[in-house]
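Welcome, and thanks for taking a look at this one. Please have the model open in your viewer as you read.

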Amino acid sequence: MSDTGQKDKGYPKTDLDDRDFDIVLLYGGSGKFACITPLGATYEVYAIEVPKHLIFNRRLLLQNITLGFDPHTDAGADPDCPNTPGSRVPWYLSFSADGVLTEDEMAQGVKFNQAPPFDIEVQANSLPQPTDAGWDNKIYVHLYWGNASYVSYGLPTLQLVKHDYDIKI
Amino acid sequence: MIGNKIQPYKYSMKIGTLADFELSGSSLVGFYLVPPKNAITLENMIMHFKIQFDASSAAGDRKINRIVVTDNSWSVRTDGSEFRADYFRPLTVDLTADGNRIIDFKMDVTSLINKNNADYAEQYGADPVDINWVFVEMPTGINDLVTAGVIKLWKVEGLYTTKGIR
């Protein structure tokens, strides 16, 4: 091996002192992440499990988070997506002890027609209680919008922020 | 004899490696190898890509259709047309996964790059700059999957000329 005769002065510097790369995910066609899709149902029911020895539901604080449930009519396709949001439509919130409400009953619920985020405070007189028929330690939350072709970026679900209740000691 | 002292630009090698990245709801994945801040040109680029598609993916969707080098993001529309960036060099590769749902390949993408697109970008979505995005395009069927697969390895090596004289 021959000697190049090169003599370095000082310490060598490196370029690798910050990030090396960036990743991007795009969609090709009807990408579910990038494109809005029809809800495919007219309502959603889910249960909030409560403590076993609960005797009275006093108050429930729910939040429809940023980019939460916000149903719109389907304005049809644009060049990038098969479905696009049209105008905002109302949805209705109701509760039950057994998860059974007809669509007509759900349509009598509290009406919302605004952009998330917002808080929803529910007082005891609107909540199911352990004395109700069919109570199985769950508060069933019913969200009703009435048209399976409506679209929403957020899923039909609300975040539980606070639950005040009385318990048997 | 006339002495001629050649003063070539310095070369800088840069390597970026992504491992065990869960691919979700996307059939177009782009990799931007961040050049050295003082880069002038990108001379060579080599990549190694290994993906294992999820068992829930359709067998016919376990494919890599094209490798694309572009200076910005683009999209394939529902009617099959493309919204394209200024610089767009696709190469159809049509690779199919093996019995373990894996595609593993190495490729010299030098022929696809724009050598002058060696700008340094702070982050994706910042002001448009001349950069080389390397995209892997898969069938649109995997767009509908929350878990389309796992990119086991994505390694990109770039050889840049940089300012300063050796």
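## About the model

This is a predicted model, in which local features need pLDDT of at least 70 and side-chain atom pairs count only at pLDDT 80 or more, while totals for chains, interfaces and linings use all residues. Residues are numbered from 1 along each chain as its sequence is written, with chains lettered from A and ligands numbered from 1 in the order in which they are written.

The scores for the model are ipTM 0.72 and pTM 0.56.

Chain A has one helix and ten strands, in the sequence pattern β-β-β-β-β-β-α-β-β-β-β. Chain B has zero helices and ten strands.

A residue is called buried if 20 or more other C-beta atoms lie within 10 Å of its own, exposed if 12 or fewer, and partly exposed in between, with C-beta atoms placed from the backbone. By that count, 20% of the 169 residues in chain A are buried, and for chain B the figure is 34% of 166 residues. Contacts are pairs of residues whose C-beta atoms, placed from the backbone, lie within 7 Å. Taking contacts between residues at least 6 apart in sequence, 81% of those in chain A join residues at least 24 apart; in chain B, 82% do.

## Strand pairing in chain A

Two strands pair if DSSP finds at least two bridges between them. Chain A holds an open sheet of three strands in the order 8-3-10, paired antiparallel. Strand 8 and strand 10 (159–167) of chain A are at the edges with a single partner strand each, so one side of each has no neighbour in the sheet. On average, neighbouring strands of this sheet are turned by 15° against each other, direction ignored; the axes behind this angle are lines fitted to C-alpha atoms, for helices over the stretch in contact, and angles run from 0 to 180 degrees between N-to-C directions. Strand 3 and strand 8 of chain A are joined by six bridges, and Arg59(A) has Gln123(A) in strand 8 as its bridge partner.

Strand 6 (residues 91–96) of chain A pairs antiparallel with strand 7 of chain A over three bridges; here Trp91(A) is partnered by Phe112(A). Strand 6 of chain A is also joined by five bridges to strand 9 (residues 138–144), again antiparallel, and Leu93(A) stands opposite Leu143(A) in strand 9.

## The nonpolar cores

A nonpolar core is a set of buried Ala, Val, Leu, Ile, Met, Phe, Trp, Tyr and Cys residues joined through C-beta atoms within 7 Å. The largest one has 35 residues, and those with the most contacts inside it include Phe31(B), Trp133(B), Val136(B) and Val156(B). Strand 2 (28–33), strand 3 (39–53), strand 4 (63–70), strand 9 (133–137) and strand 10 (149–165) of chain B each supply at least two residues. Strand 3 of chain B gives the most, with seven residues.

Which residues does Val136(B) touch, not counting residues up to four places away in sequence? They are Val29(B), Phe49(B), Ile64(B) and Ile67(B). A second, separate core has 17 residues, among them Trp91(A), Ile139(A), Tyr144(A) and Leu158(A).

## Loops worth a look

In chain A, a cis peptide bond with omega of about 10° joins Pro116(A) and Pro117(A). Pro117(A) lies in the loop between strand 7 (110–112) and strand 8 (118–123) of chain A. Leu67(A), in the loop between strand 3 (54–64) and strand 4 (72–74) of chain A, has a positive phi of about 60° although it is not a glycine. Leu67(A) is partly exposed, with 13 other C-beta atoms within 10 Å.

In chain B, Arg101(B) also has a positive phi, near 65°, and sits in the loop between strand 7 (88–96) and strand 8 (102–108) of chain B. Arg101(B) is partly exposed, with 16 other C-beta atoms within 10 Å. Thr140(B), in the loop between strand 9 and strand 10 of chain B, counts as buried because it has 20 C-beta neighbours inside 10 Å. The C-alpha atoms of Thr140(B) and Ser26(B) are separated by 7.8 Å, although the two residues are 114 residues apart along the chain.

Terms used. Helix = DSSP H or I, 4+ residues; strand = E, 2+ residues; numbered from the N terminus. Contact = placed C-beta atoms within 7 Å.
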